[in-house]
Amino acid sequence: MSLNKAATVSILLALLAGCTWVKIEPGAERVRIIDVAATDDCELVASTTVSVRDRVAGVQRKPGKVQQELEALAKNSAHETGANALLPLGPVQSGKREYAIYRC
């Protein structure tokens, strides 16, 4: 592979690794991320585990983008249940994260 072709492929992979593919559904943008202290007056509705690719063509994606997409998926899931709050139940691991879904 020529140097120009290799550079072009590398640039394209880097750009793709930074892309956000998950969109928040209408209404789900109102779902908020809360901490444990904010759950006192809330009802636990469900839990969800969401996942996205954390690597694209072997290139590690930016952790902030992965977390942003996981939150979007979790917000969509919470909105579908009629809930309005999410509590992360641990760190992002290999493109996955678990959330408790609350109605507050």
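Begin by selecting the four strands, which form an open sheet in the order E1-E5-E6-E2 with mixed pairing; here helices (H or I, at least four residues) and strands (E, at least two) are DSSP runs, numbered from the N terminus, and two strands pair if DSSP finds at least two bridges between them. At the edges of this sheet you will find strand E1 (32-33) and strand E2 (43-51), each of which pairs on one side only.

Before going on, keep in mind that this is a predicted model, in which local features need pLDDT of at least 70 and side-chain atom pairs count only at pLDDT 80 or more, while totals for chains, interfaces and linings use all residues. Residues are numbered from 1 along each chain as its sequence is written, and side-chain values use heavy atoms, with hydrogens and water left out.

**Along the strands**

Select E1 together with E5, and you will see two strands that pair in the parallel sense over two bridges; Arg32 has Ala85 in E5 as its bridge partner.

Is Thr39 buried or exposed? With 14% relative accessibility, Thr39 counts as buried, where buried means under 20% relative accessible area, exposed over 50%, and partly exposed in between (1.4 Å probe, protein chains only). If its neighbours within four places in sequence are left aside, Thr39 is in contact with Ile34, Leu87 and Tyr102, contact meaning heavy atoms within 4.5 Å.

**Charged pairs**

Side chains of opposite charge can pair when their charged atoms come close. A salt bridge is defined here as a side-chain nitrogen of Lys or Arg within 4 Å of a carboxyl oxygen of Asp or Glu, and by this rule the count comes to three salt bridges.

Start with Glu69, which is found in helix H2 and forms a salt bridge with Arg61, their closest N and O atoms being 2.8 Å apart. Glu69 is buried at 2% relative accessible area, and Arg61 also counts as buried, at 1% relative accessibility.

Select Glu43 and Arg103 next, whose side chains meet in a salt bridge (3.4 Å, N to O). Because Glu43 lies in strand E2 and Arg103 in strand E6, this pair ties together parts that are 60 residues apart in sequence. Glu43 counts as partly exposed at 46% relative accessibility, and Arg103 is partly exposed as well, with a relative accessible area of 33%.

Finish at Arg30, which forms a salt bridge with Glu29, the closest N and O atoms of the two being 3.9 Å apart. Here Arg30 counts as exposed, at 62% relative accessibility, whereas Glu29, at 46%, counts as partly exposed.
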